[in-house]
Amino acid sequence: QQAIYGKRIKMRSAENIVEEMLYYNRDFGVRKFFIMDDMFTISKSRVAHFAEIIKENNYDFEYDISARVDFFDEEMSEMLTSTGCNLISFGFESGSDRKLELMNKKTTREKNLRAAMLWKKTKRLLLVNILTAIPGETEEDLALDYSFVKEVHPTMFYYNWMVPFPG
């Protein structure tokens, strides 16, 4: 898999993430975190270990994450909800299969919908990100994006403008 920034994926260990959370909790009283890691859910074993550390030590944290559809299933959802995850931000990018193909997202509207509905069953917060201003995007694509957001009915959603980066 390719990360958003760069070609290599370098993941922090579950211990390292929890240690940082503990530092901010202990020294500054922080209880709520947003784990800004576009690949947090790419390793089910790392998420399982993260959840195990939090449960074994009875840490009382709340946290939010970004997640990828292709690494999100019922087991992942359970691990996250059982350890204080309150919000997932999915970068669905579109409700149009054609537009998803243009972006080489390797997912479909149906897979995105399945992930959204799986998380919504937890009654936790859902943030949906849709990307617009894609070269080749049509009015039909935009209508499909709108209908997707309407069908998912997330807690929050963002329409983000595509910004091309060289490389």
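**View A. Helices α2 and α3 pack at an angle of about 25°, with their axes 9 Å apart.** This is a predicted model, in which local features need pLDDT of at least 70 and side-chain atom pairs count only at pLDDT 80 or more, while totals for chains, interfaces and linings use all residues. Residues are numbered from 1 along each chain as its sequence is written, and side-chain values use heavy atoms, with hydrogens and water left out. Helix α3 covers residues 74-81; helices (H or I, at least four residues) and strands (E, at least two) are DSSP runs numbered from the N terminus. Axes are lines fitted to C-alpha atoms, for helices over the stretch in contact, and angles run from 0 to 180 degrees between N-to-C directions. The angle therefore makes α2 roughly parallel to α3 (under 35 degrees is roughly parallel, over 145 roughly antiparallel, 65 to 115 roughly perpendicular and the rest oblique). On the α2 side, K44, V47, A48 and A51 make the contact, and E75, M76, M79 and L80 do so from α3 (contact means heavy atoms within 4.5 Å). By class, this contact has 6 nonpolar, no polar and 2 charged residues; Ala, Val, Leu, Ile, Met, Phe, Trp, Tyr, Cys and Pro count as nonpolar, Asp, Glu, Lys and Arg as charged, and the others, Gly among them, as polar.

**View B. The axes of α1 and α2 (residues 44-56) come within 9 Å and cross at roughly 40°.** The two helices are therefore oblique to each other. Look for A14, E15, I17, V18 and M21 in α1, which meet R46, H49, F50, I53 and I54 in α2. These contact residues divide into 7 nonpolar, 1 polar and 2 charged.

**View C. Helix α5 (residues 109-120) packs with helix α6 (residues 139-152) at about 25°, their axes 10 Å apart.** That makes α5 roughly parallel to α6. From α5 come R109, N112, L113, A116, M117 and K120, meeting L144, S147, F148, E151 and V152 of α6. The contact has 6 nonpolar, 2 polar and 3 charged residues.

**View D. The second largest pocket holds about 260 Å³ of space.** A pocket is an open set of points on a 1 Å grid over the protein atoms alone, where a 1.4 Å probe fits, with protein on both sides within 12 Å along at least five of seven lines; lining residues have an atom within 4 Å of a point. Its volume is the space filled by probe spheres set on the points, which are joined across faces, edges and corners. Helix α1 (14-28) and strand β1 (32-35) each supply at least two lining residues, and α1 gives the most, with 4. Among the lining residues are I17, M21, Y24 and F34.
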